[in-house]
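Here is a friendly walk through one protein chain. Keep the sequence and the model open beside you as you read.

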Amino acid sequence: SPIADSVVPCCRAMPPKPARAPVLIAGGGPVGLYTSVLLSRFGVPSILLERQRAGIPHPRAHLINTRSMELFREVGLDQRVESLAPPMREWREFRYCRSLLGRQIACDDHMATPAWDVLQEASPARLTHVSQPGLEEVLREEAARLAPEAGSQLLFGYECAHFDVLPGGGVRVEARRATRGGGGEGGGGDGGGGEGGGGEGGSGDGGGG
C-alpha cells in the first residue's frame, strides 16, 4: 500500500505521517542515499531518515574507490560524480610532511604502479577524488528525483528514536525531529515512523523493514 500521501522533497524537514514501507533506511550519508536510489530504481518503496536537514559542508572522505564508481556507473551517476573531481595531476601524489607547511619527508605517486595499470584494464570505472559533501549532493538530488514514482520518502531533519520488532514480522519505528540538543518531537509510522513520543505524528500497523 502507499506509504504516504506525498513525498518529502529533498532537504526539507516536514512532520512524517504514519507510513508503511518494505525498507527503512536509517541515515542519509552516501550509503543510505545510494540505497534509496537503488531501491527506487527497482520500484521498491523506502523511507529514509536523516537527522541533518541539509548536507554538512565540513571536509570528510574524499577518495572514491573503483568499486564504488562501478556502482555509481550502474545507476548512471558516474559521470556526474567525475565532473566534480579536480584533474588527476592535482591529487595523484600523496605527500608526507612533518607539518602542514613543514619539510617534505616522502612523495608517493599511487597511479605510477603496475597495480594501477591492471586495475584500469579490469574495470570500465576508475577511482576519483570528490569530497563527501559533493558526492552526497549528487545522491540527494537523484534520490529525490526517483522517490515520487517509487513511493519513497526522504525525511531530513528526523532521526530513528526507537524501534520494536512486531510479533507477526516487520518493525515499528518511532521517528522524532532531530535537534542540536539530542531531543526531539516524535513522529509516527511503520517502517519509517512510529508512535509519537511527544510531538507530531501517530502510529499504524504493519511491517516496515
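Helices (H or I, at least four residues) and strands (E, at least two) are DSSP runs, numbered from the N terminus. The model is predicted, so local features need pLDDT of at least 70 and side-chain atom pairs count only at pLDDT 80 or more, while totals for chains, interfaces and linings use all residues. Residues are numbered from 1 along each chain as its sequence is written, and side-chain values use heavy atoms, with hydrogens and water left out.

Is S131 buried, exposed or in between? Buried means under 20% relative accessible area, exposed over 50%, and partly exposed in between (1.4 Å probe, protein chains only). S131 has 36% relative accessibility and therefore counts as partly exposed. Contact means heavy atoms within 4.5 Å; leaving out residues up to four places away in sequence, S131 touches A61 and H62. The C-alpha atoms of S131 and V81 are separated by 9.9 Å, although the two residues are 50 residues apart along the chain.

Now for the whole chain. It has five helices and ten strands, and 37% of its 209 residues are buried. Among contacts between residues at least 6 apart in sequence, 56% join residues at least 24 apart.

Next, the interior. A nonpolar core is a set of buried Ala, Val, Leu, Ile, Met, Phe, Trp, Tyr and Cys residues joined through side-chain atoms within 4.5 Å. The largest one has 21 residues, and those with the most contacts inside it are I64, M69, F72, L77, V81, L135 and L139. At least two residues of this core come from each of α1 (30–41), α2 (66–74), α5 (132–150) and β7 (153–156). The most is given by α5, with five residues. A second, separate core of ten residues includes A19, L24, L49 and V171.

Axes are lines fitted to C-alpha atoms, for helices over the stretch in contact, and angles run from 0 to 180 degrees between N-to-C directions. On the α1 side, the residues in contact include L33, Y34 and V37, and on the α5 side they include L135, L139 and L146.

Finally, the strands. Two strands pair if DSSP finds at least two bridges between them. Here are two such pairs.

| Strands | Bridges | Direction |
|---|---|---|
| β4 (residues 93–97) and β5 (residues 104–109) | five bridges | antiparallel |
| β1 and β2 (residues 46–50) | four bridges | parallel |

A hairpin is formed by β4 and β5, with six residues between them, and C97 has Q104 in β5 as its bridge partner. In the other pair, A26 stands opposite L49 in β2. An open sheet of three strands has the order β1-β2-β7, with parallel pairing. Its edge strands, β1 (23–26) and β7, each pair on one side only. Neighbouring strands of this sheet are turned by 15° against each other on average, direction ignored.
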